[in-house]
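Subject: Structure for your files

Dear colleague,

Here is the structure I said I would pass on. My notes on it follow below.

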Amino acid sequence: MRALPMKSTTSSTIPAFLSVDVEPDGFQLDRRDPPGWGGYVAMVDYVTRLREDLAGWTGRTPRFGWYVRTDPQIAEVHGRPDHALVAFPERVDRLRAAGDYFGVHSHLIRWAPERGEWVHEFADDQWQAHATRFALDAFGQWAGAPSRLFRSAVSSLPSAPRASRRSPRKYASNRRRSASSARRWPATRSWP
Ligand SMILES: [Zn+2]
């Protein structure tokens, strides 16, 4: 086997992804005073400048991935799971115009009344599957097509990836039930 010259390691193109998780500034979210998404707003501005810099340095304009929280906690706090996608339309438009893509970021968080706080649910497989499917369905309704991109949060447990690998056909068959859930979003304060 012939050794590759050192030059090839420095002149070849190395594929890279920049993936941004879009989520509120914190996890203990107040329903009566929902948080801003200042980190997201600031990140869009930062990435806009970064994109211009990278394009200038490399001659190629990069595209980035934005993975948006659409899980049950976001629905409960903001009244709808796709809040970040509909509350900042100019950001979505700007990113789309630049060629960026969107996917789902999900935390398996639920309200623990006995503790009076939000917790990551690690013990309940059914909840994990439900929350993951919920987030995927919510994004699918916003996008008009099932999400093919998913980034799990701290809870990369077996049941969550299993739910995220549902085929597009299964997503489609599940959308009727999701639509009935959607009608409850504004009024419901607790989730099964
Ligand atoms: Zn996260």
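In this predicted model, four strands form an open sheet in the order E1-E2-E3-E6, and their pairing is parallel. The edges are taken by strand E1 (19–22) and strand E6 (150–152); each has a single partner strand, so one side of each is left without a neighbour in the sheet. On average, neighbouring strands here are turned by 30° against each other, direction ignored.

As for the E3/E6 pair, strand E3 (residues 101–106) runs parallel to E6 and is joined to it by three bridges. Ser106 has Ser152 in E6 as its bridge partner.

The largest nonpolar core comprises 21 residues, and Val22, Val68 and Ala135 have the most contacts inside it. Two or more residues each come from E1, helix H2 (38–58), strand E2 (65–69), helix H4 (83–87) and helix H6 (125–143). H6 gives the largest share, six residues. In soluble globular proteins, nonpolar side chains tend to be buried together.

Ala135 is also in contact with Thr70, Asp71, Pro81, Val104 and Ser106, leaving aside its neighbours within four places in sequence.

The chain has 192 residues, of which 28% count as buried. Among contacts with a separation of 6 or more, 73% are between residues 24 or more positions apart.

Regards

Note on methods:
Residues are numbered from 1 along each chain as its sequence is written. This is a predicted model: local features need pLDDT of at least 70, side-chain atom pairs count only at pLDDT 80 or more; totals for chains, interfaces and linings use all residues. Two strands pair if DSSP finds at least two bridges between them. Axes are lines fitted to C-alpha atoms, for helices over the stretch in contact, and angles run from 0 to 180 degrees between N-to-C directions. A nonpolar core is a set of buried Ala, Val, Leu, Ile, Met, Phe, Trp, Tyr and Cys residues joined through C-beta atoms within 7 Å. A residue is buried if 20 or more other C-beta atoms lie within 10 Å of its own, exposed if 12 or fewer, and partly exposed in between; C-beta atoms are placed from the backbone. Two residues are in contact if their C-beta atoms, placed from the backbone, lie within 7 Å.
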